[in-house]
Amino acid sequence: MAIEATKTNTSNWYTRLIDWRETHIKENHFLVVLSIVIGCLTALAAWALKSIVHVIQHLVTNISDSGLNYWYLILPAVGITIASLFVRYIVRDDIGHGVTKILAAISQHKSIIKPHNMWSSVVASAITIGFGGSVGAEAPIVLTGSAIGSNLGRICRLDQKTLMLLVGCGAAGAIGGIFKAPIAGVAFTLEVLMIDLTMTSLLPLLITSVTATSLSYLLTGNEALFHFDGYAPFAVDRIPFIIVLGIVCGMVSLYFTRCTIKLEGMFKKLRKPIWKLVVGSVILSVLIFFFPPLYGEGYEAIEALLSNNPNTLFEQSIFAPIQNNIWGIVLYLSLIVLFKVFATTATNGAGGTGGIFAPSLFVGCLTGFIVAEGLNIVGIDIPISNFAFAGMAGLMSGVLHAPLMSTFLIAELTGGYDLFITLIITSVVSYLTIVTFEPHSLYAMRLAQKGELLTHHKDRSVLTLMKMESVIETDLDVVYPEMTLGELVKVISLSKRNIFPVVNKTTGVLIGIVPLDEVRNIMFQPRLYNRFTVERLMLSAPAKINSNLPMEKVMDIFESTGAWNLPVVDDDGRYLGFVSKSKIFNTYRKVLVHFSEE
């Protein structure tokens, strides 16, 4: 009794607090407060993740300081194993593909993200990356930030539209906090998460991103993530070669995207987790042993290439003898570009946790360096550091389909604002190249294939937000095939609908339908009541709607059949109800009004 009384008191206190807030604090003002709180929390989460990763890497990478490091054959597997066991037995939920999960939450789950995502991704990714997993910490921290925004909004009992905005704020704060890039944080939510840009949404996003960035500077200092000061000034006569770089980045992005999807599919075919762990660990460890720059995020390699010092990438590598040969350097870096996607996918496929932000930056920097060296070999004078710098924007733009975010991110990461035009050209050309072949980013592709992706196309976005349970009608009277016309007439006399689903009495499977118009001419002839059965009178439905179909595909079926009402069935064909165009249109209007309000 005492425990129940305590719970009741707590509930009453909480309810009174919520009521007081709603009465005394305007919604817009409260959003500003929440934006600041989310910015602080995401910055702290980003700082904690980076700190843990650095501590683990410092401990495990100092085992061997020179020569071949055979620990590379063991350490990545150890990290993946620990992270996999942590996720499997402690978290007990899938926390991979962080940004895809955010998109799914926005599109399919009313922007609700599970509370454990506020910390589980930080722990799992820190272990994975610290021991050498070839992934990035950014996607996990973005999921963490979005989870903070989602759960803070749920605690404050905010509606779905506001919850979606807070999820975007968490993502913007995470990007701003981990990269010290406030504008890129806002651009990320607009381009990747596809949060609509309005004045109502822009202000909280900016506040969160700037708050997180400011706190990140306070915690880690004023230096940019990458030192980049040895660049050549922008020159107009290099624009054709920058366009070439953009095209190459777009094609490498296409390779990265398609190869990732293909390899993920192969890992899914391995049903047992132990086989995924063994196969992924072996692939990752062998690749890191032969190509040490694949260890971890690869940010040290980026620093080296931005400084035009590729020789440091040969440390502890069996390819060290070729580091003084320009062709050897190009070949070595090209192989790393080729195999990076294998290392990244193997890390996640084996049970590790990490994202593709850092891998795309890493591959982009190498791609830019290789293109510049190639042009220099054929006699065209190209500043190598400039192209290594621009390649990062090109690859990220292609893989994430986010040219605006990529442009600002690389400028903010390096302080290379003087080369803004170079970044813009590379990002846009890369995006235009890959979008010719792949309409969706790597993050969005999985949801787009299932028709569950929220987009900037307003009609599609509204249809995506609509759920079958909100439009299905279950008040139709069911009839059975063995029923006589007389029994059917009795059902019709008590019904308010003009269509009757015919269902197998034993299995519940939908067999057909009886429209009122089909029996109108005989229903007033009693002499026929025992002559006809429902089975003789029923028609086949123009189409059957599976209850799992997204609403956009439901509308396509209505369009192709010309029907006004269609039955809904489950995967086994059992009747669930009907859906009508009028119901969909009414629901569409309500969602559109709610979705579009400023």
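1. First, the ground rules. This is a predicted model, where local features need pLDDT of at least 70, side-chain atom pairs count only at pLDDT 80 or more, and totals for chains, interfaces and linings use all residues. Residues are numbered from 1 along each chain as its sequence is written, and side-chain values use heavy atoms, with hydrogens and water left out.

2. Overall make-up. The protein has 24 helices and 5 strands (DSSP runs numbered from the N terminus: H or I of at least four residues for helices, E of at least two for strands). Of its 598 residues, 56% count as buried (under 20% relative accessible area with a 1.4 Å probe, protein chains only; exposed is over 50% and partly exposed in between). Take the contacts (heavy atoms within 4.5 Å) between residues at least 6 apart in sequence: 75% of them join residues at least 24 apart.

3. Helices α13 and α14. Residues 326-349 (α13) and 357-377 (α14) pack at about 155 degrees, with axes 10 Å apart (lines fitted to C-alpha atoms over the stretch in contact, with angles from 0 to 180 degrees between N-to-C directions). The two are therefore roughly antiparallel, a label for angles over 145 degrees. Their crossing is left-handed (the near helix is turned anticlockwise from the far one by less than a right angle; clockwise would be right-handed). Among the residues that meet are Trp 327 and Leu 333 in α13 and Phe 362 and Phe 369 in α14. By class, this contact has 14 nonpolar, 3 polar and 2 charged residues (Ala, Val, Leu, Ile, Met, Phe, Trp, Tyr, Cys and Pro are nonpolar, Asp, Glu, Lys and Arg charged, the others, Gly among them, polar).

4. Helices α16 and α17. The axes of α16 (403-414) and α17 (420-435) come within 9 Å and cross at roughly 145 degrees. Here the crossing is right-handed. The contact includes Phe 408 and Ile 410 of α16 and Leu 423 and Tyr 431 of α17. It has 9 nonpolar, 3 polar and no charged residues.

5. Helix α6. Residues 138-155 form this helix, which is mostly covered: 16 of its 18 residues are buried. Just after α6, Arg 157 takes a positive phi of about 55 degrees.

6. Lys 505. This residue lies in the loop between β1 (499-503) and β2 (510-515). Lys 505 is exposed, at a relative accessible area of 56%. Beyond neighbours within four places in sequence, Lys 505 is in contact with Tyr 480 and Glu 482. Its C-alpha is 8.3 Å from that of Pro 481, 24 residues apart along the chain.

Notes:
Angles under 35 degrees count as roughly parallel, over 145 as roughly antiparallel, 65 to 115 as roughly perpendicular and the rest as oblique. The expected span of a helix is 1.5 Å times one less than its number of residues.
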